[in-house]
Amino acid sequence: MTSLSESHIEGNLLLKALNDDDRALVAPHLEREVYKKGETLFEAGSDVSYISFPCEQTVVTLVIAMRDGRTAETATIGREGAVGGVVSDGRLPASTQALIQIAGPVLRMEALKLQDLQQRSVSLRNLFTRYADCLLAQVLQAGACNALHPIEQRCLRWLLTLQDRIGSDALPVTHELLASMLGVQRTYLTRILRSLQVQGLIKVGRGRITILDPAGAERSACECHGSVKRHFEVVLGAVYGEAGRIVEIDPPADPGQARRRKAS
Ligand SMILES: [Zn+2]
């Protein structure tokens, strides 16, 4: 297997946050793939054999398709996280489709291998448990948001979430993509975007939406984006920060390990 450079691994903030011991455990089992927009990591109902870590600006969305062909996004995952086998022990069927929304590199490893490594490292297990909690928080908040908040605010929530994931105000999204993510008709979405543009919050270009006023967009969005972001910050420390490295993941669940660590 080709060995990966530190910069490849640090393209994903969850991997970047691993302590040195865990990084040494995980790194030999990672492989790098580059995906195009529209490719799928897995289909709903298929076995999830790999856990994938989107790197740099790569973005994956978990999409539910209904029998009538309509789709809606359930979670958007970028360099802050991982896709597939995060909660389950691997090799279980996927409940959603995982679609590459923004092309780029992904590091992946066998889900069963990660499960095995988590048995050997409390801190590694702890990091993934914390990330699973954050991913669940994101999905739960989206459920409430979709039920209670108007489409204009949901649209801003999605754009702000994407802005966090790729670290840029210029978002490579088309009307078609945004409409399918939000589960609305394209013509209706165009009206929403026009209204946000008139308010000076965004600029709609060809294949691109730019957030012109991030603070204003945050104020005009519902509280859901801020709530999820705060949850990530509390639970995963500095994963969203510039430094990327989590300072304090523990206290460890295994008191014996704490003692051994102290003694070493
Ligand atoms: Zn909301």
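How many bridges join β3 to strand β7, and in which sense do the two run? I began my notes here, keeping in mind that the model is predicted. I counted five bridges between β3 and strand β7 (residues 104-110), and the two strands run antiparallel.

I then looked up how enclosed β3 is. Five of the five residues of this strand (residues 50-54) are buried, so β3 is largely enclosed by the rest of the structure.

Next I turned to an open sheet of four strands, which has the order β2-β6-β4-β5 with antiparallel pairing. Here β2 (40-42) and β5 (71-77) stand at the edges with a single partner strand each, so one side of each is left without a neighbour in the sheet. I also noted that neighbouring strands of this sheet are turned by 35° against each other on average, direction ignored. Between strand β4 (residues 59-65) and β5 I found six bridges, and within β5 the bridge partner of Thr-61 is Thr-76.

My last entry concerns an open sheet of three strands, in the order β8-β10-β9 and again with antiparallel pairing. Its edges are β8 (170-171) and β9 (202-205), each of which has a single partner strand, so one side of each lacks a neighbour in the sheet. Four bridges pair β9 with strand β10 (residues 208-211) in the antiparallel sense, and I saw Lys-203 standing opposite Thr-210 in β10.

Methods: Residues numbered from 1 in each chain as written. Predicted model: local features only at pLDDT ≥ 70, side-chain atom pairs only at ≥ 80, totals over all residues. Pairing = 2+ DSSP bridges. Axes fitted to C-alpha atoms, helices over the stretch in contact; angles between N-to-C directions. Buried ≥ 20, exposed ≤ 12 C-beta atoms within 10 Å, placed from the backbone.
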